[in-house]
Amino acid sequence: MENAKSVNSSRTTITELMIPSYANFGGKIHGGILLSLMDKVAYACAAKHAGTYVVTVSVDNVEFKKPVEVGELVSLHASINYVGRSSLIIGIRVIAENIKSQEVKHTNTSYFTMVAKDEDGKPTEVPGLILESDDDIRRFLEAIRRKEIKNAYKGLLDDAKTSIDIDQNLYLLQNERCIVKRDRDMESLW
Ligand SMILES: CC(C)(COP(=O)(O)OP(=O)(O)OC[C@H]1O[C@@H](n2cnc3c(N)ncnc32)[C@H](O)[C@@H]1OP(=O)(O)O)[C@@H](O)C(=O)NCCC(=O)NCCS
């Protein structure tokens, strides 16, 4: 791994002022605006490390804990948490600052998986990652753990999709806020 690079060499921050045109009908900032900024910072961070074009493959842990207001200054701090052969996991910490009071809130931390592509559009190997601090090591280990959990979860989700027998599981809907009105059930009423 002679071309390995440190986490610090690709650390990237984007800061943007939240203007009124970014607001939704409730007056708060659209989730999509924040997602777009997160994708941009993930791209810049991953491309810096890879030295190639990169694409977004998956996004994990997007959960907006607090609304972002018009007029706040949003900073997105991105760093490489993990590298595989062609994939990179970027951790993004999103902070919103009230400019007048300088109060700062953490709105979310999310993880973007990106894949480096060569000029033919094929996945290509990325440099290894030099872990220089305990935080770097912890984030790399956490990313491995999340990958394992995600793979197990994906298997369960695939099973859930293919193996549900609707009639046998209808009772599960009894306490849910839904009304079953299938054509089939309607016919039996007639
Ligand atoms: C990402 C992509 C290149 C993977 O293609 P593929 O034929 O599955 O390639 P591979 O099997 O060689 O996988 C390449 C890497 O992606 C990783 N990968 C593939 N699918 C993944 C997923 N759903 N989640 C996380 N990682 C994934 C693989 O683990 C592998 O990582 P590694 O090289 O570090 O071991 C392909 O699916 C693609 O181009 N998708 C579209 C991406 C895009 O256009 N994004 C923009 C959003 S519109």
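Asp-60 is found in strand E3; strands (E, at least two residues) and helices (H or I, at least four) are DSSP runs numbered from the N terminus. The model is predicted: local features need pLDDT of at least 70, side-chain atom pairs count only at pLDDT 80 or more, and totals for chains, interfaces and linings use all residues. Residues are numbered from 1 along each chain as its sequence is written.

Asp-60 is partly exposed because 15 other C-beta atoms lie within 10 Å; a residue is buried at 20 or more such atoms, exposed at 12 or fewer, and partly exposed in between, with C-beta atoms placed from the backbone.

Two residues are in contact if their C-beta atoms, placed from the backbone, lie within 7 Å.

| Residue | In contact with |
|---|---|
| Asp-60 | Ser-110, Tyr-111, Arg-146 |
| Met-38 | Leu-76, Ile-92, Val-94, Ser-110, Phe-112 |

Strand E3 belongs to an open sheet of 5 strands in the order E2-E4-E5-E6-E3, with antiparallel pairing; strands pair if DSSP finds at least two bridges between them. E2 (12-17) and E3 stand at the edges with a single partner strand each, so one side of each has no neighbour in the sheet. Neighbouring strands are turned by 30° against each other on average, direction ignored. Within the sheet, 11 bridges join E4 (residues 72-83) to E5 (residues 87-98), and Tyr-82 has Ile-89 in E5 as its bridge partner.

Helix H1 (residues 31-50) lies across E2, E3, E4, E5 and E6 and runs at about 135° to E5. Helix H2 (residues 134-163) packs on the sheet, touching E3, E4, E5 and E6, at about 80° to E4. Axes are lines fitted to C-alpha atoms, for helices over the stretch in contact, and angles run from 0 to 180 degrees between N-to-C directions.

The largest nonpolar core has 33 residues, of which Met-38, Ala-42, Leu-88, Ile-90 and Ile-92 touch the most other members. Such a core is a set of buried Ala, Val, Leu, Ile, Met, Phe, Trp, Tyr and Cys residues joined through C-beta atoms within 7 Å. H1, E4, E5 and E6 each give two or more residues to this core, and the largest share, 8 residues, comes from H1.

E3 also gives the most to the shell around the ligand, with 4 residues.

Terms used
Lists of a residue's contacts leave out its neighbours within four places in sequence.
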